Amino acid sequence: MSLLKDLASHGQAVWLDFVDRKFLEAGGLKKLVEEDGLTGVTSNPSIFEKAMGYGDAYDATLAEYDKAHPGAATMDRYEALAIEDIKAAAETLAPVYEAKQAKDGYVSLEVSPYLANDTDATIAEAQKLWAAVDRPNLMIKIPGTAAGVPAIAATIAAGINVNVTLLFSNSAYQAVALAYVEGLEQRVAEGLPIDRIASVASFFVSRIDSKIDDKIAARVKDGDPESEALKAIRGKVAIANAKLAYDWFLEFSKSSRWQALAAKGAQVQRLLWASTGTKDPTFPDTLYLDELIGPDTVNTVPPKTLDAFRDHGTPGNTLGSDIAGARHVLSEAERLGLDLDGVTDALVEEGVASFSKAFDDLLGAIAKKQPAVA
């Protein structure tokens, strides 16, 4: 059996963090579903920028759209391309969605990163994209910013599946987990069903270690007297942070508030591990898969890391192990002044800025393909 398929026996779903027109048309996604047990797909502005900004894979579709909609805005032209890809992925995953009874088989499409700090505009965009794709196995990606939290609650209440993105801190995660609950509770109060509403909370992992480990390297280089203690937690903070998020999830799942919703068929909001490609070449290339495996979770994986795990991954129930050790790592990070809270706050801002920059580049590339006006 595929090592990737083996993750399902530990309760973890594997999603692909990649979308590309040629890949979809060549049956690449279908093959991963059939051979590796892949059950979902995620996209973001950076992924679409790489897919659409180079080559000619989208030119024919764009030409058809421009012919039917002369003078269309660049944003509308982008959405036409993205929606076609998302629909294709949703159709490939539809059998998974049906077999899993709406508990998996999702493809995610992100709201504009320009709206990350605008609650009302995010809600409106989520509703617009949901209607445009018109597939039950769509998730709308909304960033877990302060403005995103009420947008998540409102979007869930409207019956729209949500992938909460750009989560780095436990406090931000807990806020969006409660927003999911609030949305479900609103539906219950209105007499609406909640059993086929789904959400994931996307915790970005490797970027935390990149920031923290840069701080560690600089201090060790400068001869910090705590060098040994600093080196002892290198490459461990992000995983420890994720383990404590999962520990909170397990405890909250036992609460009377959640159990009341579960009794009405509510699905848990699964933690999803994102940014799982290893950025430090001295670490194993499957590090952020091997160490984050557990029930009711998802790992969304870039193609290169997917191939690596298929070849030499280590399936096992690792996520719930050594919580005391995880607490010690974070306690040491605090004692050593590594400022995890400051790092995670900065990463949210950088993530929004990075996605906005990718979106700028993407829209610029599409604008260059604007047909000449006669």
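Me: How many bridges join strand 4 to strand 5, and in which sense do the two run?

Reply: Four bridges join strand 4 (residues 138-143) to strand 5, and the two run parallel. DSSP must find at least two bridges before two strands pair, so strands 4 and 5, with four, count as paired. The model is predicted: local features need pLDDT of at least 70, side-chain atom pairs count only at pLDDT 80 or more, and totals for chains, interfaces and linings use all residues. Residues are numbered from 1 along each chain as its sequence is written, and side-chain values use heavy atoms, without hydrogens and water.

Me: What makes a run of residues a strand or a helix?

Reply: Both are DSSP runs, numbered from the N terminus: a strand is E over at least two residues, a helix is H or I over at least four.

Me: Which strands close into a barrel, and in what order?

Reply: Eight strands do, in the order 1-2-3-4-5-6-7-8, with parallel pairing. From one strand to the next, the twist averages 30°. Helix 8 packs on this sheet and touches strands 4, 5 and 6. Its direction makes about 160° with that of strand 4. Such angles run from 0 to 180 degrees between N-to-C directions, with axes fitted as lines to C-alpha atoms, for helices over the stretch in contact.

Me: Why is strand 7 called largely enclosed?

Reply: Five of its five residues, 270-274, are buried, so the rest of the structure largely encloses it. Buried means under 20% relative accessible area, exposed over 50%, and partly exposed in between, with a 1.4 Å probe and protein chains only.

Me: Which residues of strand 7 lie on one side, and which on the other?

Reply: Arg 270, Leu 272 and Ala 274 lie on one side, Leu 271 and Trp 273 on the other, and all are buried. In a regular strand, side chains alternate between the two faces of the sheet.

Me: Which strand do five bridges join to strand 7?

Reply: Strand 6 (residues 199-204), running parallel to strand 7. There, Phe 204 has Ala 274 as its bridge partner. Strand 7 also pairs with strand 8 (residues 297-301), in the parallel sense, over three bridges. Trp 273 stands opposite Asn 299 of strand 8.

Me: Why is Asp 104 counted as buried?

Reply: Its relative accessibility is 6%, and the limit is under 20%, so Asp 104 is buried. Asp 104 sits in the loop between helix 6 (74-99) and strand 3 (106-110).

Me: Which side chains does a polar contact of 3.1 Å join?

Reply: Those of Asp 104 and Arg 270. Another polar contact, of 3.0 Å, links the side chains of Asp 104 and Thr 39. A polar contact is a pair of N or O atoms within 3.5 Å; within protein, one must be able to donate a hydrogen and the other to accept it, and residues adjacent in sequence count only if both atoms are side-chain atoms.

Me: Where does Lys 141 lie?

Reply: In strand 4. UniProt, in an unreviewed entry, places the feature "active site" there, at Lys 141. Such positions follow the numbering used here, feature names are shortened, and annotations may be inferred rather than shown by experiment.

Me: Is Lys 141 buried or exposed?

Reply: Its relative accessible area is 4%, so Lys 141 falls under the 20% limit and is buried. Its side chain reaches the backbone oxygen of Ser 43 at 3.0 Å. Beyond its neighbours within four places in sequence, Lys 141 is in contact (heavy atoms within 4.5 Å) with residues including Thr 42, Glu 110, Asn 163 and Thr 165.

Me: Why does Asn 161 count as buried?

Reply: At 1% relative accessibility, Asn 161 is under the 20% limit, so it counts as buried. Asn 161 is in the loop between helix 8 (148-157) and strand 5 (162-167). Its side chain reaches the backbone oxygen of Leu 138 at 3.0 Å. A polar atom of that side chain lies 2.9 Å from the backbone nitrogen of Ala 198.

Me: Which residues of helix 15 are buried?

Reply: In helix 15 (residues 303-312), Thr 305, Leu 306, Ala 308 and Phe 309 are buried. They cover an arc of only 160° around the axis, which puts them on the same side of helix 15. That arc is taken from the directions from the helix axis to the C-beta atoms. Lys 304 and Asp 311, on the other side, are exposed. The cover over the buried residues includes helix 1 (3-6), strand 1 (12-17) and strand 8.
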